[in-house]
Amino acid sequence: MRQFLQYGVSGLSTGAIYALVALGLALIYRSTRILNFAHGDITTAGTFVAFMFLGFNLPYGLAFPLAILAGAVLAMVFYFAVLVPAQRREATQLGQIILTLGLGLIIQGLVSYFGGTETQAFPFPLSDTRIYRLGGIVMSQLSVGTLGIGLVASLLLFLLVQKTRLGLAMRATSENLPAAQTIGIPTRRILALSWGLAASLGVLAGLFLAPSLLLDPFFMLEPFLKGFAAAILGGLNSLPGAIVGGLIIGVAESLAGGFISVAFKNTLAFLIIILVLLIRPEGLLGTEFKERV
Amino acid sequence: MDLIESYREELQLIRKPWTRVWVGLFVLCLILLPWFVPEHVTYVATIICIYAIGVQGQNLLIGYTGQISFGQAGFLCIGAFTFGHLNLMGVPWPIGLLAAGLAAGAFGILVGFPSLRLKGPYLAIATMGFGIAVYQVFVNSEALSGGRMGIIVTKLSPLFGLSNIAFTYYFNFLIALLFTLLSYNIISSYIGRAFIAIRDNDIAAEVVGVNLTRYKLLSFAISSFYTGVQGGLYGLFLGYLEPNMFTFMESITLFVAVIIGGLASVEGSIMGAAFVILVPQFFSAYKEMVPVVYGVTILIVLIFEPLGLYGRWFKMRLYFRNWPFR
């Protein structure tokens, strides 16, 4: 039983990372109907920016916010410089998804070129080896911090979306774009903001993941795919769904790794994707109109 | 564009005598290639031939049927390892190749089932999940992947006194030619028209009598058959197989080839295959920059020339045909 709880708790902290990634994906999907295949790469780029700033001996308090800002700016520039012109030329929804794939490839290549492909240790204020005990359950400082930041970020996002005028505008834009434009919401700016917000959530996840995974240009690929699975499980257009999905995937994966086999751990997320899509494509908390033939 | 007066004419692959001459000359050039160019070029041309098969299959699925797939590496992996294991058992290559295609095709039907319910982005994720799951199963199972050493495939010994490289080139060139003819025949037949109807509007296709279930699954099966054969040929060409050759990046490469070459065109598929093989060759000093070139080309193609390289080629031809009128 204690082992079970231990796996569950360590799963929650990985789940918090997946939830942050999934939140970013869901935020973009529900406002623009685009699956952002560049999400993982934007995150990697942001983390590398943080690594570079730390290399200049900047304090953590300055380097991390700058990195998050850099990720957000990258996503917004992509929105204005590529997606908007593509939409003017009537790119299809699928075409826009492929555009994000192209962006992902570009960032991946540039990061490997400038950041180097060898793995590097990522310095971090929270320690991976300092341990807290609670009952019989052991948690490292890092995983407590990860879980905490996941909850805080989700809470802040919730407040932003539900309680502010800006959040109201975001909800209106994702609900009905032409209607939002008609009543005077600057939809293009709102959408750019959604992209920026999503990217900064992703970079946040990347920053907390890098110390335990070691930094290389591909370190976000796996968590990004798990985040995808989480977003699908929770429902692609539902923000609470993304959090729930992320935590479920984190815990399920940790339990599967502990009780079945470590090799099975990574395949689980993809089995979940396929099963969810077969049984309930709209996800646990999602609602989307499905046409049937 | 052309006026077609009878069904026989519709089924014809080449309608003008001059086109016949050009195509004949092009094929002749390809046949004479090993005599006139250095061995390295023949080697690259062989890889292009192998890739062209898989890209054509992928194009039948994405370009003609409009069903997106990010899991092509999974089929490639299944095809390649089916071929590899049969090869270890001493099965002759034609049967092995056929089995590779059929095994991949069977999995294609399996993956096709979600496509009956899913559309667009959701299908992209489902197939992506499949591709990665297959990769991880092969990486984690020593029995399937042959462990760390991978599987050694015995190469074909050259016939007719040809050099090794020239023989491999002719072998793969002939198979690629066969599959190209097959794709042309598929798209100009009832099956191809059913695929296009599904792409343009699946509800309307169902209404005019296209069996959606059958043709969506058929499209997945044909596409993964092509990809499976590509996998088998790739194994035969390299002489060994390991799961790390079939990562998510491989799916992306095949996908990029289809997009850059041009959706819904067989010539485009071949151009796309040539593109994704030649770019890493030219940028071999800057390996990291290859994805950047792919990415930038995708952005340019999708924004300025949605029909890809084929679209550009087609417009050039049209310009010269109509010259001096515009």
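Student: Which residues does B:Phe138 touch, not counting residues up to four places away in sequence?

Tutor: Keep in mind throughout that this is a predicted model. With that said, B:Phe138 touches B:Cys77, B:Phe81, B:Leu144, B:Ser145 and B:Pro243, once residues up to four places away in sequence are set aside. The residue itself lies in helix α6 of chain B, which covers residues 120-140.

Student: Is B:Phe138 buried or exposed?

Tutor: The general idea is that, in soluble globular proteins, nonpolar side chains tend to be buried together. Here, B:Phe138 has 22 other C-beta atoms within 10 Å, and it therefore counts as buried, given that the cut-off for that class is 20 or more.

Student: How many residues does the largest nonpolar core have, and which of them have the most contacts inside it?

Tutor: The largest nonpolar core has 188 residues, and A:Leu23 and A:Ala229 are those with the most contacts inside it. The element that gives the most to this core is helix α8 of chain A, residues 187-213, with 15 residues. As for A:Ala229, if its neighbours within four places in sequence are left aside, it is in contact with A:Ile249, A:Ala269, A:Phe270, A:Ile272 and A:Ile273.

Student: How should I read the place where the two chains come together, and how many residues of each are in contact?

Tutor: In general, the size of an interface is often given as the accessible area lost when the parts come together. What we have here is a count by contacts, in which 36 residues of chain A meet 35 residues of chain B. On the side of chain A that touches chain B, the elements giving two or more residues are α3 (60-88), α4 (93-115), α9 (221-234) and α11 (262-279) of chain A, and α4(A) gives the most, with 16 residues. By class, that side of chain A has 27 nonpolar, eight polar and one charged residues.

Student: What does A:Gly95 touch?

Tutor: A:Gly95, which is found in helix α4 of chain A, touches A:Ala86 as well as B:Leu302 and B:Pro306, not counting residues up to four places away in sequence. A:Gly95 is partly exposed, because 19 other C-beta atoms lie within 10 Å.

Student: At what angle do helix α3 and helix α12 of chain B pack?

Tutor: Two packed helices are described by the angle between their axes and the distance between the axes. In chain B, helix α3 (residues 39-64) and helix α12 (residues 248-261) pack at an angle of about 70°, and their axes are 9 Å apart. This means that α3(B) is roughly perpendicular to α12(B). Among the residues that meet are B:Tyr51, B:Val55 and B:Ile62 in α3(B), and B:Leu254, B:Phe255 and B:Val258 in α12(B). The residues of this contact divide into seven nonpolar, five polar and no charged.

Student: How many residues does helix α1 of chain A have, and how far does it reach?

Tutor: Helix α1 of chain A, residues 2-32, has 31 residues and reaches 44 Å from its first C-alpha to its last, which is close to the 45 Å expected at 1.5 Å a residue. Of those 31 residues, 23 are buried, so α1(A) is largely enclosed by the rest of the structure.

Student: Which residue takes a positive phi just after α1(A)?

Tutor: Just after α1(A) comes A:Arg33, with a positive phi of about 60°, although A:Arg33 is not a glycine. A:Arg33 is placed in the loop between α1 and α2 (39-55) of chain A, and it counts as partly exposed because it has 16 C-beta neighbours inside 10 Å. In chain B, B:Ala264 likewise has a positive phi of about 60° without being a glycine. B:Ala264 lies in the loop between α12 and α13 of chain B, and it is buried, with 22 other C-beta atoms within 10 Å.

Key:
Residues numbered from 1 in each chain as written. Chains lettered and ligands numbered in written order. Predicted model: local features only at pLDDT ≥ 70, side-chain atom pairs only at ≥ 80, totals over all residues. Core = buried A, V, L, I, M, F, W, Y, C linked by C-beta atoms within 7 Å. Buried ≥ 20, exposed ≤ 12 C-beta atoms within 10 Å, placed from the backbone. Helix = DSSP H or I, 4+ residues; strand = E, 2+ residues; numbered from the N terminus. Contact = placed C-beta atoms within 7 Å. Nonpolar A, V, L, I, M, F, W, Y, C, P; charged D, E, K, R; others polar. Axes fitted to C-alpha atoms, helices over the stretch in contact; angles between N-to-C directions. Parallel < 35°, antiparallel > 145°, perpendicular 65-115°, else oblique. Expected span 1.5 Å × (residues − 1).
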